[in-house]
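Have the viewer open as you read.

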Amino acid sequence: MSRDDEARYGRVCLLVLNVCPFTLRQVIDDYSLRHARSLSLCDFLEKNKHSLFHLYAKKCCCKHLQQNRSPLMYKSQWDSLFMQNTSSCQKGKQIDCPCKYDCKPGITTKVMDVTLCCLVINNICHGVDVNHIKTIREIRNNLIHAESARLDLLTFNGYMNRVKTAICQLAKNMSTTLHTDTVKKIAELENRLMDPVELRELRNLIIDQKRFTELEVVRMGLL
Ligand SMILES: [Zn+2]
Ligand SMILES: [Zn+2]
């Protein structure tokens with residue numbers, strides 16, 4: 001075990017937690033404006049509210065019963081996109097349903113972390129290659145649940161290459177500008193020094209994220 005192992009772990013974490021959201025947010029913005037022809041992100045989310053609602057911890061809504069898989073979206077994530085309104089259900093139902101929520105006005109993709117970006121792209125940005133999203137999610141989960149904050153060289157190279165390929169491809173499929181910006185962000189990350197204080201802060205942030213996820217799971221009765 002060495003400083004290098006810790007720096008490698010830190011670098012991949014920064015790639016996944018900082019660089020990936022930069023690209024994924026842009027993918028969502030571009031998709032909503034150009035492909036989905038929405039007027040704004042809020043307009044895009046509002047149009048897809050029903051699909052998003054079913055990702056959140058609800059098995060049915062006023063429109064239909066859906067025996068779906070266990071929820072994929074945490075309450076905090078749903079709450080970061082939508083807020084309760086004062087309207088009653090369009091179908092007069094008393095249950096919690098999409099009619100009772102509006103997208104937060106003026107919302108931007110900045111509120112979305114890497115996990116939420118992945119969920120949104122997977123579910124409402126049709127045509128975006130979900131295999132790349134799968135790679136990002138898988139490596140993000142491996143990092144968050146890793147037993148130690150260290151990576152050997154082989155694992156590090158594997159993670160870096162897979163995540164870099166995934167975001168560069170996603171960016172390239174959107175626009176040349178996004179591809180160039182993504183490549184630049186990656187190069188900046190690869191060429192910078194990792195400071196021990198920063199590594200410790202990063203580790204704490206990851207522990208917090210893990211705890212928060214566990215709390216959400218309990219709060220939503222998913223256990
Ligand atoms: Zn429904
Ligand atoms: Zn309703």
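Val114, Thr115, Cys118, Ile136, Arg137, Arg140 and Asn141 line the largest cavity. On a 1 Å grid over the protein atoms alone, a cavity is a set of points where a 1.4 Å probe fits but cannot get out, and lining residues have an atom within 4 Å of a point. This is a predicted model, where local features need pLDDT of at least 70, side-chain atom pairs count only at pLDDT 80 or more, and totals for chains, interfaces and linings use all residues. Residues are numbered from 1 along each chain as its sequence is written, and side-chain values use heavy atoms, with hydrogens and water left out.

**The cavity**
- Searching the whole structure gives one cavity of 30 Å³ or more.
- The volume of the largest cavity is about 40 Å³, counted as the space filled by probe spheres set on the points, which are joined across faces, edges and corners.

**Its lining**
- Helix H5 (114–124) and helix H6 (130–144) are the elements that give two or more residues to this lining; helices are DSSP runs of H or I, at least four residues, numbered from the N terminus.
- H6 supplies the largest share, four residues.
- Three lining residues are nonpolar, two polar and two charged; Ala, Val, Leu, Ile, Met, Phe, Trp, Tyr, Cys and Pro count as nonpolar, Asp, Glu, Lys and Arg as charged, and the others, Gly among them, as polar.

**Arginine 137**
- Arginine 137 sits in helix H6.
- Beyond residues up to four places away in sequence, arginine 137 touches Thr115, Cys118 and Leu119, with contact meaning heavy atoms within 4.5 Å.

Note on methods:
Chains lettered and ligands numbered in written order. 1 Å grid on protein atoms, 1.4 Å probe; cavity = no way out; pocket = protein on both sides within 12 Å on 5 of 7 lines; lining within 4 Å.
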